[in-house]
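Subject: Structure handover

Hello,

Here is the structure you were expecting. Please load it first; my notes follow below.

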Amino acid sequence: MSKPHAIIIGAGFTGTATAHDLALRGFDVTVVERGPIANGTSGRTHGLLHSGGRYAVKDQESAIECIDENLILRKIVPFVIEPNGGLFIALNESDLAYGEEFIESCEACHIPLERLTPQQALKLEPNLNPKLLVAFTIPDGTFDPLRLAMSFAATAKKNGAKFRLYHEVKSLLMDGKGTVTGIRLIDRTSNEEFDLHGDIVVNATGAWAGEITAMAGADVPIKPTPGIMVAFERRATQRAINRLCEPADGDIVLPQRRMMVVGTTSFTAENVDYIPIVEDQLKLMVERAADLLPGLRSVKLRGIYMAPRPLIGSGTGRSIARTFKCFDHKETHNIDGFVTITGGKATTLRAMAEKTSDTVCAKLGINVVCQTKETPLISYRQFYTLN
Amino acid sequence: MAEKWNITLKIYRQKQGEKAHYQEIKMDVNPDENVIDLVERAWAFHDRTLTFAHACHHSTCGACGMRVNDREKLTCITSVRSVVSNGGTLKVEPLRNFPVVSDLVVDMGELYRRMDLVGHQPVNSDRAEAIQPEFRPAGPAEPGEDFIRLSDCIECGLCMSACPVFSSTPDYLGPAVLAGAHQAGPEKNPSLLNLVDSATGVWRCHSVFECTAVCPSNVDPGWRIMELRRKVVGDRIKTLFNPRKTAQVSK
Amino acid sequence: MNAQSNFIVRAARWFDPRGRSLSTWGFMINRLTALGLTFYLFLHLITLGQLAQGPDAYDNFLKLTESPLYKIGELAVVAAVFLHGLNGVRIVITSFGIAVPRQREIFISAMVLGLIAIIIFGLRMFTA
């Protein structure tokens, strides 16, 4: 029996991880992406390898997903991760009060944490705000966004997946009976157009998912929700630093190479393709970073950037749950051969891919078990060396 | 309120099989924003056929290297103000010494292949990574406490584009690769030592130091190449008195 | 634009200062003075060849050396020797891994020293 051909639209975290999963399950995979790998939301992610601590109190489902995937990623792709853990620090009474809930919730989500006195915390990280009241260690980390996606892509390629970067989908091919049979694409490096047929089309375009589903006359309930990130010119800590409070703007500062990156905010945007930097948000981020690490106030800014997150649901801003969802369009709009995976966060990319691949396999009547939990990824550089 | 300038963006355009030409776009810009923002706006609002490489927008991925007014820059951290003045022209071209795929996109495959060849470590001990004396890693240096962090080198290729020797001699390993070899630690790997101790390795460098001048990420390839020469010469002297069994060139 | 274009085109880029920093000037000055000095070496051998052809040829040659153009040429050779030599000292010591982070400062000092030496030599040549 010939291998089923899966066409994946989008080479961000979801697309590359799904390509890896499906390739391992014996599929012929073609990934099409209108730019280079991770050039959309995925590239501009904060880079936090979530311990789940941030979601433990209000969104336990998310938190458990995070800690589980955190441990898996540390195992399968350690070479793109700074695994030095993180701290949650309390700066006022309200933070302290939240702290009690925090401890209980983390324990309920099996997130390992340890309480530290301010002296202990300052010994670990001398640049912390010396007025901190209490700190907790949790297994956060930092990852390299592009190289994480590229590692999945390289491993998928090794298992036969093909990547067509700089290829944009112009339309979906339909058979007139409500089934998607492939895509029509344009090679943006040469302006050549051609058709590609497949047994299933997976829409992994994240915040742009609605644009693709519209090509089939369908829609998905995602709200592109951008946020700002600000990078500073100095590595002030070795660990991720989180504010011990309900998820709010600018409550995380991460070390990455020789920088610190603070984020983020949350607002709605109309134009998904370009989100301008909002001056007020920039100022807020610098303030919030300085709350946690006062020394950053005098450090030069290195980069400022925005990208739209795909949040699912009908609410706005932070109240939307950050879980992911795989939409089988046969169920949603009676369109076969077409699924959309969206929502989620970077840390859960492998789990999103597993769920998507399970859905795809179920639709095609294929019974192959997921192996991505145990399969180590190969060097991201092999994406270029393999052909 | 943010300052507003008006500049002309002059972009190198070339699709496969076509002749290269420049496209000029007049743009209103904030002088404190970065060049990549302009290129992205050019794509989003002026010409959707423009292709360019980018991912992280904060100098960790190395994808957005381009030549800006003839100089290699990492466009996500290069402010408009630093490369052009109000009313001026901002020329943006792809990196040199790599095959142009389309417009501003080059094929970086050879660089990645060579970084793998020399075994540069994408993550490394913080203390081992920051061996230049000016950089003091944050956090206590407790004995035995080792933090792992992403390597300084982001494989952006700016140094490879700027090196005149690599320009005329594609076989020369190149500054990024030799710096990668230095980071990998050839003392532990005799075959790596052989690879760099060659006419296409450390001895091909002509001390231009343009690589160090354009590196956006504190790698200092020029310095690393000279350090590598010391290691190579030191090793040669050692093996003079104590020859190694066989020099294996692994690939 | 790509590495496949021919060698002459690629080598010509050695001397393209656009967008390049001070570091590249060190490289260019050394290449140019090296080419100049090599050319001078050939000239020198040819003129020595003249001497082997007897006293008349030698006298003719000596007349040439009195022209100002010749003196400027000589100054150019001396200038090339100073610049190439002092820059070369920078290259030699950095090649041994000494003072590499200061190589830019060493280059500037070498060029300043060289300029001073050229001026002194030039003055002595044209006023003696």
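In chain C, helix 2 meets helix 4 through C:Gly26, C:Ile29, C:Asn30, C:Thr33, C:Ala34, C:Gly36, C:Leu37 and C:Tyr40. On the helix 4 side of chain C, the partners are C:Val77, C:Ala80, C:Val81, C:Leu83, C:His84, C:Asn87 and C:Gly88. Contact here means C-beta atoms, placed from the backbone, within 7 Å. Helices are DSSP runs (H or I, at least four residues) and strands are E runs of at least two, numbered from the N terminus. The residues of this helix 2 and helix 4 contact in chain C split into eight nonpolar, seven polar and no charged. Nonpolar covers Ala, Val, Leu, Ile, Met, Phe, Trp, Tyr, Cys and Pro; charged covers Asp, Glu, Lys and Arg; the others, Gly among them, are polar.

This is a predicted model: local features need pLDDT of at least 70, side-chain atom pairs count only at pLDDT 80 or more, and totals for chains, interfaces and linings use all residues. Residues are numbered from 1 along each chain as its sequence is written, with chains lettered from A and ligands numbered from 1 in the order in which they are written.

Now the geometry of that pair. Helix 2 (residues 22-51) and helix 4 (residues 68-95) of chain C pack at about 135°, axes 9 Å apart. Axes are lines fitted to C-alpha atoms, for helices over the stretch in contact, with angles from 0 to 180 degrees between N-to-C directions. Helix 2 and helix 4 of chain C are therefore oblique to each other (under 35 degrees is roughly parallel, over 145 roughly antiparallel, 65 to 115 roughly perpendicular, the rest oblique).

Next, the chains. Of the two pairs that touch, chains A and B have the most contacts. Chains A and C do not touch; their nearest C-alpha atoms are 16 Å apart. The contact of chains B and C takes 25 residues from chain B and 22 from chain C. On the chain B side, helix 9 of chain B gives the largest share, six residues. That side of chain B has 10 nonpolar, seven polar and eight charged residues.

Last, chain A. Its assignment, automatic or from a database, gives domain 1 (5-42 + 146-221 + 324-385) and domain 2 (48-143 + 223-312). The C-alpha centres of the two domains of chain A lie 29 Å apart.

Best wishes
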